[in-house]
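Subject: Handover of a structure and findings

Dear colleague,

I am handing over the structure below for your records. Please look through it before reading the notes that come after it.

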Amino acid sequence: MRHTPRYLMTDPDEVKRLIRNNPWATFVSPSSQGLTASHYPAILDEEEDGIVIVSHFGRPDEKLHELGEHEILVIIQGPHDYVSPSWYAPGDLVPTWNHVTAHLYGTPEFLSDEENYAMLGRLTDHFERHQPHGRSLSEDEEGTRRIAKGTVGLRMKVDRFEARAKLSQNKGPETVENIVGEVGKKNPALAEEMRRVHPRQEG
């Protein structure tokens with residue numbers, strides 16, 4: 001990831017917030033067959049110190065990735081969108097793309113079958129909690145345990161991360177205010193991220 005000091009996000013708590021709000025992750029492994037990428041949900045293990053994520057792979061993805069044999073990259077993509085120069089002052093003509101992104105590095109460890117089932121239950125509960133009639137794996141434990149055998153659970157302690165919040169920090173207050181207003185029309189999540197780094201901007 002390009003090293004631009006004004007955009008760097010170095011606070012682990014901010015990276016945790018990004019993961020909580022954007023749990024769909026891209027897993028990239030440098031396997032012996034070349035680069036391999038898959039996409040799965042990832043949530044924080046809130047009981048662990050540091051940044052620790054848990055997830056699961058559908059078999060045989062864990063073998064294609066050669067999980068546990070090497071370091072992998074997990075990409076968390078937060079809100080992002082195109083920024084038009086038509087929102088800038090006259091004469092400023094170069095467009096850009098605002099985004100919040102984190103690259104997480106670590107070597108995953110496998111969960112036992114029991115740990116995997118418990119993690120899948122937590123994962124389901126995490127996403128079902130806001131549903132009007134949310135479901136739970138415990139409603140049919142025998143059936144859901146059978147399906148869970150087709151997955152492999154993993155836990156990854158993040159050894160290091162690189163994160164950026166590129167949110168028009170290089171623009172003046174009036175331009176930022178205009179960008180926040182325009183972005184907010186179609187991408188309120190990105191506008192909210194901009195307000196976090198430009199607290200004077202109320203949209």
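This is a predicted model: local features need pLDDT of at least 70, side-chain atom pairs count only at pLDDT 80 or more; totals for chains, interfaces and linings use all residues.

Residues are numbered from 1 along each chain as its sequence is written, and side-chain values use heavy atoms, with hydrogens and water left out.

The chain as a whole

The chain has six helices and nine strands; these are DSSP runs numbered from the N terminus, helices being H or I of at least four residues and strands E of at least two. Along the principal axes, its C-alpha atoms fill a box of roughly 65 × 45 × 30 Å. Of the 203 residues, 47% count as buried, meaning under 20% relative accessible area, with exposed over 50% and partly exposed in between (1.4 Å probe, protein chains only). The accessible surface comes to about 11,400 Å², and 51% of it belongs to carbon and sulfur atoms; such areas come from the Shrake-Rupley method with a 1.4 Å probe, and for residues only the protein chains shown count as cover. Among contacts (heavy atoms within 4.5 Å) with a separation of 6 or more, 71% are between residues 24 or more positions apart.

The four-stranded sheet

An open sheet of four strands runs in the order β3-β4-β8-β7, with antiparallel pairing; two strands pair if DSSP finds at least two bridges between them. Its edge strands are β3 (43–44) and β7 (109–110), each of which pairs on one side only.

Strand β4 (residues 52–58) pairs with β3 over two bridges in the antiparallel sense. In these bridges, I53 is the partner of L44 and V54 is the partner of I43. With β8, β4 forms an antiparallel pairing over seven bridges, and there G58 stands opposite T151.

How many of the residues of β4 are buried? The count is seven of seven, and the strand is mostly covered. In a regular strand the side chains alternate between the two faces of the sheet. In β4, V52, V54, H56 and G58 point one way, whereas I53, S55 and F57 point the other way.

Helix α3 (residues 113–128) lies across β3, β4 and β8 (151–157), running at about 100 degrees to β4. Axes here are lines fitted to C-alpha atoms, for helices over the stretch in contact, and angles run from 0 to 180 degrees between N-to-C directions.

The hairpin

Strands β1 and β2 form a hairpin with two residues between them. β1 (residues 24–31) and β2 (residues 34–41) pair in the antiparallel sense over eight bridges, and F27 stands opposite S38 in β2.

A residue of helix α6

L190 is found in helix α6 (residues 188–197). L190 counts as buried because its relative accessibility is 0%. Leaving aside neighbours within four places in sequence, L190 is in contact with P79, H80, D81, N98, L167 and V183. L190 and K149 are 41 residues apart in sequence, and their C-alpha atoms are 38 Å apart in space.

With kind regards
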